[in-house]
Amino acid sequence: MEFKISKALIHELEQHIVNKNDKELEALLNDMHHADIAEILDELDFAEATYIFKVLDSEKTAEILLELEDDLRENILSRLSPKEIAEELDELETNDAADIIAELSQEIKAEVISELIDVEHAKDIVDLLRYDEDTAGGIMHKELVKVNENWNVLTCVKEMRIQAENISRVHSIYVVDDEDRLKGRLSLKDLLTTSTRTAISDVYIRKLNSVNVDTEDVEVARIMQKYDLEAIPVIDELGRLVGRITIDDIIDVIKDEADKDYQLAAGITQDVETNDSIYEHTKARLPWLLIGMFIELIASYVIKGNEATSQKFYTLIIFMPLLSATAGNIGVQASAIIVQGLANGTLKEFSRNYFSKEISVAMISGTIIALLVLGYHTFMYGQFQVGMAISISIVVVILFAATLGTLVPLFLHKNNIDPAIATGPFITTTNDVFGIMIYFGIANLILGF
């Protein structure tokens with residue numbers, strides 16, 4: 001059953017903190033999952049959360065650190081000495097430790113690294129810090145199991161036992177040569193069913209997917225998703241095995257990318273959280289609002305330029321919101337499907353077949369909507385010719401919106417710009433301007449202005 005925080009639990013914890021009942025706090029929290037404790041700490045104030053953090057064992061608090069909200073983690077770390085932070089990092093795998101160290105100031109970072117007890121662990125963390133956080137090198141673990149192709153099975157098993165002591169989960173056994181170059185992987189079944197004197201070079205599997213340290217994290221996610229991998233090895237420029245990326249790391253990448261695309265689609269230009277300041281929220285949201293305002297001003301000039309037509313056939317104005325909303329929705333739908341296809345790899349570039357499909361969908365949808373509008377307009381206002389002008393405009397504008405929503409994300413993707421920008425405000429405001437131009441153009445043509 002999923003853990004739920006209750007007011008009674010929070011009150012009990014606060015009372016233990018006030019009375020400094022450390023043993024009761026330990027007894028209450030020690031059996032809980034670290035993610036649940038992190039959730040509890042987020043409900044307390046900074047001082048209370050730090051108190052509990054210092055009471056618990058570093059083996060548990062190290063895992064809790066990874067689950068905390070950024071501002072709480074930053075605050076707790078600011079209240080710990082470099083030695084205390086180093087004790088936490090000694091309990092973590094290299095990439096998790098590197099992520100936390102990367103958040104520290106340069107001065108504290110150097111002090112913390114100097115306090116790490118395990119020298120090899122410290123070297124691995126420093127090595128990870130040199131990679132961009134959005135690359136395979138930035139998200140990989142240094143902990144892995146590797147065997148030499150020149151060993152026999154008996155030697156291999158002995159070495160694996162030693163290496164596995166420092167690894168939380170073994171996904172694969174990688175095979176390297178004397179220069180540490182990745183050669184393949186070893187099947188656990190082959191290892192168990194082969195003679196102990198058999199050479200590893202005779203049994204390992206040579207076909208193996210891998211990524212370079214500079215491969216973008218989203219590309220790593222796409223490869224792992226495509227081949228249904230639980231882990232993938234990372235190699236350097238010389239083909240040497242330097243780390244591995246697990247499915248847990250990729251879930252974080254996919255979540256971050258989805259959050260980013262969702263915010264871009266909503267016209268939010270930078271990553272913001274609910275607990276960020278008013279300034280941060282305004283800074284992230286205002287740019288697209290201002291762009292939309294200026295584009296809509298152009299639309300207002302188009303309407304003003306068709307004032308005589310609007311006054312004589314006033315229902316043109318009445319149906320304008322319907323036209324804008326429908327075109328906007330069609331454009332957003334089309335762009336959303338394209339962005340999704342580019343993200344999951346089902347669409348890589350312009351496809352004539354897909355474009356034809358999108359236009360067909362727009363034509364069918366537009367025709368149905370136009371016929372309904374024509375019937376409604378004729379029934380309510382009795383002006384068939386005006387109703388025809390509105391209905392034809394709807395079909396044309398919907399086709400235009402579908403074309404724009406399909407082609408713009410593909411154009412941006414081809415030019416290495418995030419196509420998610422093309423959804424939401426961009427599509428709706430652009431459709432508004434061109435839609436109104438098309439609307440009055442067709443109305444003037446049919447109604448004789």
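Here are some notes on the salt bridges in this model.

1. Ground rules before you dig in. This is a predicted model, where local features need pLDDT of at least 70 and side-chain atom pairs count only at pLDDT 80 or more, while totals for chains, interfaces and linings use all residues. Residues are numbered from 1 along each chain as its sequence is written, and side-chain values use heavy atoms, with hydrogens and water left out.

2. The tally is 9 salt bridges, a salt bridge being a side-chain nitrogen of Lys or Arg within 4 Å of a carboxyl oxygen of Asp or Glu. Part of the set is a network that links Asp70, Arg73 and Glu103.

3. Look at helix H10 (residues 119–129), which holds both lysine 123 and glutamate 120, 3 residues apart, or about one turn of the helix. Helices here are DSSP runs of H or I with at least four residues, strands are runs of E with at least two, and both are numbered from the N terminus. The two side chains form a salt bridge at 3.7 Å, N to O. Glutamate 120 is partly exposed, at 48% relative accessible area (buried is under 20%, exposed over 50%, partly exposed in between, with a 1.4 Å probe and protein chains only).

4. Lysine 142 pairs with aspartate 127 in a salt bridge, with 2.8 Å between the closest N and O atoms. Lysine 142 sits in the loop between helix H11 (136–139) and strand E1 (145–148) and aspartate 127 in helix H10, so the pair ties together parts 15 residues apart in sequence. Lysine 142 is buried at 18%, and aspartate 127 is buried at 16%.

5. Finally, aspartate 177 and arginine 181 make a salt bridge, their closest N and O atoms 3.0 Å apart. Aspartate 177 is buried at 7% relative accessible area, whereas arginine 181 is partly exposed at 38%.
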